[in-house]
Protein chains: 4
Amino acid sequence: MNDTWHGGAAAVVALTFDVDAETPILAQGGRYARHASTMSHQSYGPDVGLPRILDLLDEMRVPATFFVPGWVAERRPGLAASIAERGHEVAHHSYAHRPPTSMTPQEERADFERALEVFQAQGVEITGHRAALWEATWLTTELVAEYGLRYDSSLMGDDRPYRVPAAGGEIVELPVHWSLDDWEQYAYLPEPHVGSVIESPAKVLDLWRAELDGMRHYRCLFNLCVHPFLSGRPGRARALRAFIEYAQECGDVSFARCRDIAAAAAADPSVPARPHRPPQVDPAVHPD
Amino acid sequence: MNDTWHGGAAAVVALTFDVDAETPILAQGGRYARHASTMSHQSYGPDVGLPRILDLLDEMRVPATFFVPGWVAERRPGLAASIAERGHEVAHHSYAHRPPTSMTPQEERADFERALEVFQAQGVEITGHRAALWEATWLTTELVAEYGLRYDSSLMGDDRPYRVPAAGGEIVELPVHWSLDDWEQYAYLPEPHVGSVIESPAKVLDLWRAELDGMRHYRCLFNLCVHPFLSGRPGRARALRAFIEYAQECGDVSFARCRDIAAAAAADPSVPARPHRPPQVDPAVHPD
Amino acid sequence: MNDTWHGGAAAVVALTFDVDAETPILAQGGRYARHASTMSHQSYGPDVGLPRILDLLDEMRVPATFFVPGWVAERRPGLAASIAERGHEVAHHSYAHRPPTSMTPQEERADFERALEVFQAQGVEITGHRAALWEATWLTTELVAEYGLRYDSSLMGDDRPYRVPAAGGEIVELPVHWSLDDWEQYAYLPEPHVGSVIESPAKVLDLWRAELDGMRHYRCLFNLCVHPFLSGRPGRARALRAFIEYAQECGDVSFARCRDIAAAAAADPSVPARPHRPPQVDPAVHPD
Amino acid sequence: MNDTWHGGAAAVVALTFDVDAETPILAQGGRYARHASTMSHQSYGPDVGLPRILDLLDEMRVPATFFVPGWVAERRPGLAASIAERGHEVAHHSYAHRPPTSMTPQEERADFERALEVFQAQGVEITGHRAALWEATWLTTELVAEYGLRYDSSLMGDDRPYRVPAAGGEIVELPVHWSLDDWEQYAYLPEPHVGSVIESPAKVLDLWRAELDGMRHYRCLFNLCVHPFLSGRPGRARALRAFIEYAQECGDVSFARCRDIAAAAAADPSVPARPHRPPQVDPAVHPD
C-alpha cells in the first residue's frame, strides 16, 4: 500500500497556491499597470495574503506547493526562498503568466527558460511546472520533460496522477480542474472584466467538501488551486482553514507537496500512461 | 394505464448523457485543437467520466440513453458498442457537434448522414436524434423522419412527449430544457469562454429534485442531460447518484431509455401533436 | 384606511405575467425564427406555461395581470380574451417587444398604436401599459396618457405607486424592479446569448419571500414579473404556488390586478407625484 | 489600546454609501439619459433608498460615510448637507463618476477640482476621497494629498488602514474590496449591460457575516460599500439592518466614519506605509 501514489489514503490533498501577483492582469495588457487600484488588488496577494496563508499552513501543519511566475520571483527577491524555507515547494508557473496558447512555440520556450533562470539564480530548486491560465499547448509537456522537471500540473485528462510521454522522457501529470480553482468563485474586476457575482466562502467550502468526499470515494488527487490575492482575504482564509480541518478530521486523507506526489506516482507501476496528442482536425468538419 | 407513455408513473426519468468529448469545443473553432489543457478537459469525458457513469448506472440498475456525435464514435471505435452492450441506448447527436442553425441545409443534411453512416458501419442501431447544442432548425425534424428515426430530443415546446408532423412521417419529440442540463451549472473554460461561476453539486441536486417534484405533480418527462466530462467528476457523480436514489425512493417515478419512451408515446393516442412551423416574420416589425 | 392605494394591507402583491412568447427573441433579430428549438422554447409559454398558471391562479383564488404584446395576441386570437374571461386583466406590452429605447419616436408611437388596435379589434379592454424590456423612453408615459390609459408599469423610481405628469394628463406608475423579475433568475439561451447559471426555484422563492417581508415592513407594492415560458415549468410553478401560499399566510398581504391598484392609487391623495424628466447631460462631462 | 486605529475593537466597520444616482450610467454614455426606466432605476437611490437608509442608521445609532459625486450634489442641492446634519460624513466621489483610468491626467484633475468646488460652495467639509468605480490611477492619491484631503478609499493593497506616500504629504488609505460591494451581488441592467443573476439578501448577509468574522479574527477594517439604489430596496435594507445588528451583537466590533478612522490611523505609529508605485512593464514581456 505504501508503494502507491496515494500511500493508502482515500484521497490525497495537494494544496497549491498560484502566487500570480500582478501577472495575470499585465498578461492581458501591459497598459493595466496604469490602473493603481487593480495593481493594489493584485499586490495584496504576495503582501498580505501570502504571509497569512503561510501562517495558516504552519498552524495546521500541512505542506503545500506554491506556483510562482518568474516575473514575480524576480520583482520580490526574497519571496520564493522564504516559502521554501518553511518546508513548502516552489514550482514553475511561467515567467510572465501569458497563456502558452497565446504564444508562438519560440515565445513559449523563451518564457519557460527565463523563469527557470530566475529560480536558478535564486538557488530555488524546481521540479514541477504549471502553465499560466492552465492553457498548455502540446509543446508544454515537451518543455517540462526536456528541461528535466518531473511533473506538470496543467492538464485535466484524469482526476488521479497519470504519465505523459514526451521526447525528453516520461513525466507525471498532476491534473487540475476548474471546479477546484478559487478564481471562478471569488475573482471580480471591472477592467479587464473578470468574474460576475462573487460567491460566499460558505458556498465554496461546501463545493470543496463535496468534491473531497467524492474523491475519497473514488480515491483521487484533490488538487486545490488557491490564489493568495483571492483566498488570502479574511473570510476566505477562514474557509480555507475550515476545509483543511474538515479534511484532517476525515481521517483517511493525506496532504502532500506536488513533488512528493509526483515522485510517488513515478514509482507506482499502477499509475497509467495516457495518450497525449492533438486530435486530428479536418477543416471541412471543424472550420478554424 | 399501461398503455400510456408514462406507464402509470407520476414522472418518467430519461437519464441522457451527451458524450461530446472534444466536439463542442472544436465546433467553435478547429484551432482549439492546439489547446492541450482544453482538449484534456474534454477527453476526460469518454476516458474517465463515462466508465464511472456506466458503473454507477449498473450499481443503481437504471437504463440510460447516450447521445454520441459521429466524430466521437469514429475516433473511439469501441465506445458506442460498449455502451449498447451494457443495455443502454446509443443515439444520434450529429457528426461534428456544429449547431444546425449555424449550417446551410446542405451542410446539415451531410452532417446528419455522416453520423448515421458511422453508426451503421459499427453495427449500432439508432432510433433517435438530438441536435448539437439543442439548436435544431425546422429541417432537423424532417431529417429525423426522412431517415426513419422514431424520435427527436432537441425541442422545448412541452414537458411531456409530443408528436411532430414531418413530410417523412410523424415523429415523437422528447423535449429537453436548459434547466435540466448540467452545462449551465458546471461548465467553465477560459477560451473559448464558457460559463461563469461554477455551482456546487448540492445546488444542482436541489434544482433537479425540485424539478422532479414539480414534474411528479404534473406528470412529465424528466429529461436530464448530463455530460460525462462535467458530471463524471467525483463530487458531481455522487450528486447524480443521490438524485437517482431520490427518484427511486419517490416510489412513483420510472426510468426508461428514450427509445422506449418514444415507442410508448407513439402508441399512446392521448399524446398530442403540436404544430411545428416557423413564425412568419415581417422584417418591418422584427428586423433581421 | 380603505381609501388608500393599499386598502390597509401591509403590502399589495401584483402578480404580473409577461406573455412574450417568441417576441423577445425576434426583437433581437428576425433571423432567430429559423432556430426551431429556440422558437419552441418560447412557444412553451403560451402553449404549456400559461394554461398551467391560469389553473394555479384559479386554485389559489388570486387575481393577476397579463401583459401581452400585440403581436402575440394577433397570432393567437383567443389568448387575450381567454385570460380576461377568467377574471384577470390583460394589458398593453407593446406590439413587437422591441425596447422603446431602440426605436425612433415615430417607431415607438406606431408600435404603441398597433398593439392598441389589435386589442380593440379583439374587444379586449386595456387600461395599462408596460414597456418591452422595461426600457421606456420619456415619450412612453406621454403615449400612455395621450391614448387614455390609466397606468404604466415600466419605471423604477419608487417601490410604491406614484403619479407621473404627462401632457395628456397625469397617469399612475406601478413601478417594477429587476429583483422581482424571473428572467434574471431562470432565463438561458445560447443564441441570442441570454443568462448564465440557472438558479434553483428554492433560491428564487427565498428571494421573493425576503423582498415581500421587506415590503410588508415598508408598506410597498410587490410587483412580481413572471414569464410563462420560464416560471410555467413544473418546479418553478410549484415555487410560484409556494410564494402565493406564503403571502396568503402572512395575513396582512392583499392581491390585486394592476388596474385596480392604479384606480385606488389615483383616488388616494397621499400617493405622491414624482418629477419625470430626463437629466440634462453636458457632453463635456458625460460623452455620448 | 485607545491610541490604535481600531481603538481596541476586533474589527472596525465603516458603513459607506456611494450615492451615485445617475452618474455610473451616464459615465458609460450620456446617451443613456434617454432611457427613462434606467434613469428612474438610478434616481430611486437618492429619492427613496437614501432616506430609508438614513432612518435605518438613526434607528441603529451607527455613524456612516456617504461618498457623493459632485454632479449629484449639484443637481440635488440639499442632499449633501442633509446627510452631514444627521451626523454622518460626506466625502468626495469624483464629479462625474468617470473612472480615472479612462481619463487623461488633465481630465482627472479637472474632475477632481470640480467636485471640491461643488462641496465648498455648499459649505460641506470634505476630508476624504473615493475614486469612481474604484479605478484610481497613480495620480489619484497625489491629488488627494495635494488638495489637503486626509484619506483615500479606492485601493485594495491591504485589509487594514495603511499609509501612502505622496508628493503633497502622506495620506491614509482605507482599503476597499469587491467582496464588500453590493454592486456585484445586486446590480442588473440590460443596457448598459450590468450584472447577471441577482443574489438574494440572505446570501449577501451570509457573505458579509463571514467576512466580518474573518476580519474580527485578523483585526481588520470592514469597509462595506453600499449603493442606495441597490441596498435601499426593502428586502435588502432589512438585510443591511440584520448585518448591523449582527455586528453590534458581536460585542467586539466598533462603527466609525471614515474620517475618524483615518485620523486614528494617522496618529497610530503601528499603521504601516505601503509602497505605492506602478510596476515597471517591459512591452516585450507584457504587450500593451
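Entry 1, chain A with chain B. I began with the buried area, which for chain A and chain B comes to about 3,800 Å², with 55% of it given by carbon and sulfur atoms. The model I am reading is a predicted one, and I keep that in mind for every value below. When I looked up who takes part, I found 46 residues of chain A in contact with 43 residues of chain B. I then asked how many salt bridges there are between chain A and chain B. The count is two, and I noted a salt bridge between the side chains of K203(A) and E199(B), at 3.6 Å from N to O.

Entry 2, chain D with chain A. Here I found 46 residues of chain D in contact with 43 residues of chain A, and the two chains bury about 3,800 Å² between them, 55% of it on carbon and sulfur atoms. On the chain D side, the residues that lose the most area to chain A are W178(D), Y218(D) and H286(D), which together make up 16% of what that side buries. The salt-bridge rule finds two across this interface, and I wrote down the salt bridge of D159(D) with R52(A), whose closest N and O atoms are 2.9 Å apart.

I next looked up how chain D is placed relative to chain A, and a rotation of 90 degrees with 0.0 Å of shift along its axis superposes chain D on chain A, the RMSD being 0.0 Å. The two copies are therefore related as by a four-fold rotation axis. In chain D, the C-alpha nearest that axis belongs to S196(D), at 4.8 Å from it. Do the copies meet through the same surfaces or different ones? They meet through different surfaces, because only 7% of the interface residues of chain D are also interface residues in chain A.

I checked the remaining pairings I was curious about, and no contact joins chain A and chain C, whose closest C-alpha atoms lie 10 Å apart. Chain B and chain D likewise do not touch, with their nearest C-alpha atoms 10 Å apart.

Rolling a probe the size of a water molecule over the atoms shows where empty space is left. Searching the whole structure, I found 12 cavities of 30 Å³ or more, and the largest cavity holds about 70 Å³ of space. Its lining includes H92(A), R98(A), E108(A), D111(A), F112(A) and H129(A). By class, the lining of the largest cavity has five nonpolar, four polar and three charged residues, and the largest share, three residues, comes from helix α5 (residues 105-121) of chain A.

Most residues other than glycine have a negative phi, and most peptide bonds are trans, so I looked for exceptions. The peptide bond from E191(C) to P192(C) is cis, with omega near 0 degrees, and P192(C) sits in the loop between α7 (183-186) and α8 (201-218) of chain C. In chain D, a cis peptide bond joins E191(D) and P192(D), with omega about 0 degrees, and P192(D) is placed in the loop between α7 (183-186) and α8 (201-218) of chain D.

Key
Residues numbered from 1 in each chain as written. Chains lettered and ligands numbered in written order. Predicted model: local features only at pLDDT ≥ 70, side-chain atom pairs only at ≥ 80, totals over all residues. Heavy atoms only, no water. Least-squares fit on C-alpha atoms with pLDDT ≥ 70 in both. Contact = heavy atoms within 4.5 Å. 1 Å grid on protein atoms, 1.4 Å probe; cavity = no way out; pocket = protein on both sides within 12 Å on 5 of 7 lines; lining within 4 Å. Points joined across faces, edges and corners; volume = space filled by probe spheres on them. Helix = DSSP H or I, 4+ residues; strand = E, 2+ residues; numbered from the N terminus. Nonpolar A, V, L, I, M, F, W, Y, C, P; charged D, E, K, R; others polar. Buried area = accessible area lost by both parts, 1.4 Å probe. Salt bridge = Lys/Arg side-chain N within 4 Å of Asp/Glu carboxyl O.
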